[in-house]
Amino acid sequence: MKWKRKDLLGLQDLSAEEIALVLDTAASMKEILSRPIKKVPALRGRVVANVFYEPSTRTRVSFELAAKYLSAESVSITASASSVVKGESLKDTALTLAAMGADVVVLRHPLAGAPHLVARTVRCAVINAGDGFHEHPTQALLDLFTVREKKGTLAGLTVAIIGDILHSRVARSNIWGFTKMGARVRLCGPATMMPPGIEVTGARVCATVEEALEGADVVMALRIQKERQQEGLFPSLREYTGLFGLTRERLALARPDALVMHPGPMNRGVEISAAVADGPRAVITEQVTNGVAVRMALLYLLAGGGAVDG
Ligand code: CP
């Protein structure tokens, strides 16, 4: 199949075939990353604008590197160092970047739906790099890619996602992605951090972390987002860790070959112990590497790249 969408705004809208196309394209891109000279001319002359209204290390740097490896021009702006601080609106910022020739706008924004507004405003492609609590589709695609690469398939796997589901755009995108690809998703976290009605996505809410982990093929710990925790949704970090922290003892409930994942940045000793994060089942740094390949694939598909080798 061919990619037909102008934008990548979320995985809720994508079909299993579209997700598979991104993952297959990312596999070709990963081969480029293994070369001594990681550069192909596929997007020569194209312009990628990374616009980040929230902090980021992984997503922003991997989009910048992805653009460079495909020979695109790449510019990055943060809200705090742009005309946003003078009151410029998101719409006018997007129109300004498009008027300067951007072919792809990569947007991270604290408000759900912000990339959708920009996608309706500009003719160029828009990629959602995380919007509020809503979706983080490129993170989920790199997670799917990592699991498929390690396990050979996604269909039939059991994926346990543990932690703050309510505030997690990573969890939402992963629930859509894994269920569309035929995996079973179990969720567990404090009741105050479980969105009501989340079962409509096809995920199963588990009462205990032990129930979620039992026999799981993939275990994903979510970051406790201290910056979004003004409401006192759990009594203390110590209590959270005691009830939901991913320790070696708890991980022993999962399959012996279970993968341990975390989208980063991690709070070591809170949602995941250092022993598990650095242990033999963790694929956390491979997730980061695969993030570059997946973002190369998305830029290539959305910017209409030419032949990868010339
Ligand atoms: N996982 C993730 O989105 O990390 P960054 O906030 O560092 O981009």
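Which helix and which strand each supply at least two residues of the lining of the second largest cavity? Helix H3 (90-99) and strand E3 (104-109) do so, and the views below show this site and others in a predicted model. In this model, local features need pLDDT of at least 70 and side-chain atom pairs count only at pLDDT 80 or more, while totals for chains, interfaces and linings use all residues. Residues are numbered from 1 along each chain as its sequence is written, and side-chain values use heavy atoms, with hydrogens and water left out.

**View 1. The second largest cavity has a volume of about 30 Å³.** A cavity is a set of points on a 1 Å grid over the protein atoms alone where a 1.4 Å probe fits but cannot get out, and lining residues have an atom within 4 Å of a point. The lining consists of Val 51, Leu 90, Thr 93, Ala 94, Leu 97, Val 105, Leu 107 and Val 118. H3 provides the largest share of this lining, four residues. Helices (H or I, at least four residues) and strands (E, at least two) are DSSP runs, numbered from the N terminus. By class, the lining has seven nonpolar, one polar and no charged residues.

**View 2. The largest cavity has a volume of about 70 Å³.** The structure holds two cavities of 30 Å³ or more. Around the largest cavity lie Arg 58, Ser 62, Gln 139, Leu 142, His 262, Pro 263, Ile 284, Gln 287, Val 288, Gly 291 and Arg 295. Helix H2 (58-69), H5 and H11 are the elements that give two or more residues to this lining. H11 gives the most, with five residues. The lining of the largest cavity divides into four nonpolar, five polar and two charged residues.

**View 3. Helix H5 (residues 137-151) and helix H11 (residues 284-302) cross at roughly 115°, and their axes come within 8 Å.** Axes are lines fitted to C-alpha atoms, for helices over the stretch in contact, and angles run from 0 to 180 degrees between N-to-C directions. H5 and H11 are therefore roughly perpendicular to each other, a term for angles of 65 to 115 degrees.

**View 4. Residues of H5 meet residues of H11.** Contact means heavy atoms within 4.5 Å. On the H5 side, the residues include Thr 138, Leu 141, Phe 145 and Lys 150; on the H11 side, they include Glu 286, Asn 290, Val 294 and Leu 298. By class, the contact of H5 with H11 has five nonpolar, six polar and five charged residues. Here Ala, Val, Leu, Ile, Met, Phe, Trp, Tyr, Cys and Pro count as nonpolar, Asp, Glu, Lys and Arg as charged, and the others, Gly among them, as polar.

Technical notes. Parallel < 35°, antiparallel > 145°, perpendicular 65-115°, else oblique. 1 Å grid on protein atoms, 1.4 Å probe; cavity = no way out; pocket = protein on both sides within 12 Å on 5 of 7 lines; lining within 4 Å. Points joined across faces, edges and corners; volume = space filled by probe spheres on them.
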